[in-house]
Amino acid sequence: MYRSLFSRDLFAELDRLQREMQQALDISPSIRGFGRGGFPALNVGGTPQSVEIYAFAPGLEPASLNVNLDRGVLTISGERKADLPAPDEKAAVHINERFAGRFSRVVSLSDDLDPNAVSADYRDGVLHVSVKRRESAQPRRIAVQ
Amino acid sequence: MNERSTVTKETPATRNEVGLMPAVDVIEDSTGITLYADLPGVPKEGLNLHVEADLLTIEGDLGLAVPEGMEASHAEVNVPRYRRVFTLSKELDSQKVSAELNQGVLKLRIPKAEHAQPRRIEIKVS
């Protein structure tokens with residue numbers, strides 16, 4: 001219903017405004033920072049066998065990405081170079097929205113994961129990390145004798 | 001390009017409503033404008049660029065391979081497409097736009113029309 005009344009861009013603007021307000025007022029954020037709005041954006045999903053994490057981090061060298069899983073806490077970090085020209089060059093920067101610099105995002109995952117069964121790939125600017133759940137934690141059909 | 005315009009004609013209105021706004025950098029130098037847009041998750045086939053009159057539209061559909069039966073528990077990218085429209089100015093040559101997509105970053109180069117490029121005007125002293 002609201003989608004038809006407001007454009008998506010307005011939502012993005014409101015989101016940004018809310019974030020700035022939150023930062024200004026310092027309403028007790030989580031110990032690991034804001035849950036939303038950082039770089040890279042994260043989507044997390046799960047299947048009965050695994051947990052899937054998608055980090056939307058475009059334009060990186062796969063080798064420059066660090067993915068770390070330690071006791072159920074997944075950390076994705078790296079550095080993104082700016083594409084902007086050096087300030088002394090004869091070029092004007094009209095819009096500068098893209099993230100540049102070092103980044104790090106942390107996700108707490110459930111504790112039924114197998115730290116030895118992690119795979120990560122980087123495609124079209126999205127880092128996909130897949131962590132398998134432990135055999136013992138996977139749902140099983142119990143045969144009735 | 002013909003193929004693309006038919007595709008957009010088939011699906012009017014609904015396609016225009018929802019889309020995430022991609023972050024962009026726009027840099028202008030003496031010969032033209034360079035635009036970088038972050039479109040993570042968009043494969044080459046999912047990208048749709050078109051120029052109509054003086055409007056440049058960037059659209060991209062996400063092509064993530066998601067395992068079967070996955071349930072999302074947290075989503076910051078919650079719409080599977082990006083969309084952003086820019087108004088071009090007259091001195092830009094929209095016929096000569098070049099684009100490349102590399103790991104989710106679109107780089108567009110829009111040159112200025114020949115006649116609009118800065119020239120040094122010679123002053124003749126008689």
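This is a predicted model: local features need pLDDT of at least 70, side-chain atom pairs count only at pLDDT 80 or more; totals for chains, interfaces and linings use all residues.
Although Glu122(B) and Leu101(B) are 21 residues apart along the chain, their C-alpha atoms are separated by 41 Å.

From this segment we can turn to a sheet in chain B, an open one of three strands in the order β3-β4-β6, with antiparallel pairing. Its edge strands are β3 (47-52) and β6 (81-87) of chain B, each of which pairs on one side only, and the twist from one strand to the next averages 10 degrees. In general, the strands of a sheet pair through backbone hydrogen bonds, and they may do so in either a parallel or an antiparallel sense.

Taking the two pairings of this sheet in turn, β3(B) is joined to β4(B) by six bridges, the two strands running antiparallel, and within that pairing Leu47(B) stands opposite Gly60(B) in β4(B). The hairpin formed by β3(B) and β4(B) has two residues between the strands, and in this hairpin Ala53(B) takes a positive phi near 55 degrees. On the other pairing, strand β4 (residues 55-61) of chain B is connected to β6(B) by seven bridges, again with the strands running antiparallel. Here Leu55(B) is placed opposite Thr87(B) in β6(B), while Thr57(B) has Val85(B) of β6(B) as its bridge partner.

The remaining part of the picture is the meeting of the two chains, a contact that takes 35 residues from chain B and 34 residues from chain A. On the side of chain B that touches chain A, the elements giving two or more residues are β1 (24-29), β2 (32-38) and β5 (71-75) of chain B, and the largest share, six residues, comes from β1(B). Sorted by class, this side of chain B has 19 nonpolar, nine polar and seven charged residues.

Strand β1(B) also takes part in strand pairing across the two chains: strand β5 of chain A, residues 91-96, pairs with β1(B) in the antiparallel sense over five bridges. Within this pairing, Asn96(A) stands opposite Asp25(B) in β1(B).

Notes: Residues are numbered from 1 along each chain as its sequence is written. Chains are lettered from A and ligands numbered from 1 in the order in which they are written. Two strands pair if DSSP finds at least two bridges between them. Helices (H or I, at least four residues) and strands (E, at least two) are DSSP runs, numbered from the N terminus. Axes are lines fitted to C-alpha atoms, for helices over the stretch in contact, and angles run from 0 to 180 degrees between N-to-C directions. Two residues are in contact if their C-beta atoms, placed from the backbone, lie within 7 Å. Ala, Val, Leu, Ile, Met, Phe, Trp, Tyr, Cys and Pro count as nonpolar, Asp, Glu, Lys and Arg as charged, and the others, Gly among them, as polar.
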